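Here is a short report on one protein structure. Look at the sequence and the model first, then read on.

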Amino acid sequence: MINVKAEESNGMQLFEKLIEYAEAERLVLENTDKTPAENLPLMEARGLVFAEDIEAKFDSPPFDNSAVDGYAVRSADTEAGKTFEVVDEAPAGRPSGKSIGEGEAIKIFTGGVIPDGADSVVMVEDTSGWGETFEIGKAIPVENNLRRSGEDVMRGDLMLRAGTEIGPYEIALAASQGYGELPVHRRPKVVVLSTGTELVEPGERELSPGEIFDSNSFAMVAQCHDAGVEARRVHAASDDADVLRKAVSEALETADVVVTSGGVSVGEKDLVKSTLLDLGVEQVFWGVKFKPGKPLFFGMRDDARFFGLPGNPVSAMVCFELFVRPALMAMMGKTDHRRPTIEVRFDEDMSNRFGRMHAVRVSLEKTDDGLVATSVGAQGSGLITSLTKADAIALIGPESEVKAGETVEGIMLREI
Ligand code: AMP
Ligand code: MG
């Protein structure tokens, strides 16, 4: 039996059940798995996280070497005014075969292998200069300007832990150990598809009466990129059941995640949900006590996850930030699923009488008291400018009154 619990009492049954925002957030993450671990070339691994611990394969640096340009010497031979005879040279990459005896030195450059017999390096600036002989100004201690084998990492050291994000420095450390590929949870393959007979590709032609340009699919691809994920954009499908079915089933073949916009509410032309169920997608939820984005649908089929976002541009983009982005992050094994979360303080009283979580677009100002938020103004779900003006989304709980000076949780959309 369906427990009918329509949110608005206009005599029509809308959603079977609207779930709380936090529950929707939880259900998405609970039903999202990491992609399988695989090895990717160093540069492609950037921005992902290690799927396993990485150990040092050998001591690094692999040999004792010089930290400066100068002469390798025996420190016991050194004293102020002493003259040395240069018997060979040891540039980086070309070790000298010779070992040094008393009063002898080998010309050495940064990274050059310390020759046998030498235990110290005197930098050229502390000598009479380059030549077949040179004089030193003062005694040189042992190990001077020496970089010891293994001083960075030792064979068997746990260098990089599973779950660590791979940035330039992690790439450097792994490369220094000869890793050409790194084990990661790969980026999910995303297909983005907007639906609506009214949609026209921007730049393609002028609008006819009743038409609008498709903005959602472009926004969502850009949001994927922001999350470090590539997405394939499928040209808007019309609100025709067959066209929609074909587009969605093709997307489901290849994608780990399919994100649609539009057609997911309760109108007669809203065919996304029924199309999905027809195609064997199992509904996890449909309808969230969330504004903007009540009709949000989330479902799964085998390893693929499906987000049906509402068509209103602000709803689509905000739902992407708050529900899709965390799922993409989780698939890549990242634990900081969200954009940075902050405490935002309003400069005026705010109330939410909508009975559902309200994601209010705010601008932020840095003050001595921390970040102060001001609503960007009209919050209509079709007002794209509410997002171009916003620095953050403030989450105001259902039926709550936030007094000026009180704080609520906010999600940063950009750095300020
Ligand atoms: P729907 O959820 O399909 O009922 O659409 C809600 C509103 O969002 C309608 O005004 C649509 O025209 C608009 N809309 C739907 N899809 C898009 C899109 N891809 N880009 C811009 N607006 C859209
Ligand atoms: Mg539509």
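How many disulfides does a search of the whole structure find? The search finds 0 disulfides. A disulfide here is a pair of cysteine sulfur atoms within 2.5 Å.

## About the model

This is a predicted model, where local features need pLDDT of at least 70, side-chain atom pairs count only at pLDDT 80 or more, and totals for chains, interfaces and linings use all residues. Residues are numbered from 1 along each chain as its sequence is written, chains are lettered from A and ligands numbered from 1 in the order in which they are written, and side-chain values use heavy atoms, with hydrogens and water left out.

## The cysteines

A disulfide is a covalent bond between the sulfur atoms of two cysteines. Take C224. Its closest cysteine sulfur is in C319, 14 Å away, so the two are too far apart for a bond. Seen from C319, the closest cysteine sulfur is the one in C224.

C224 is buried, with a relative accessible area of 0%. C319 is buried as well, also at 0%. Buried means under 20% relative accessible area, exposed means over 50%, and partly exposed lies in between (1.4 Å probe, protein chains only).

## Overall shape

The protein chain has 8 helices and 28 strands. These are DSSP runs, numbered from the N terminus: helices are H or I with at least four residues, strands are E with at least two.

The radius of gyration of the chain is 31 Å, whereas a compact globule of 416 residues would have one near 22 Å. That radius is taken over C-alpha atoms, and the globule rule is 2.2 Å times the number of residues to the power 0.38. Along the principal axes, the C-alpha atoms fill a box of roughly 100 × 50 × 45 Å.

Of the 416 residues, 49% count as buried. The chain exposes about 19900 Å², and carbon and sulfur atoms supply 48% of that area. Areas come from the Shrake-Rupley method with a 1.4 Å probe; for residues, only the protein chains shown count as cover.

Among contacts between residues at least 6 apart in sequence, 70% join residues at least 24 apart.

## One residue up close

L29 lies in helix α1, residues 21–30. L29 is partly exposed, with a relative accessible area of 26%. Not counting residues up to four places away in sequence, L29 touches P326, A327, A330 and H337. L29 and P326 are 297 residues apart in sequence, but their C-alpha atoms are 7.4 Å apart in space.

Definitions and conventions. Contact = heavy atoms within 4.5 Å.
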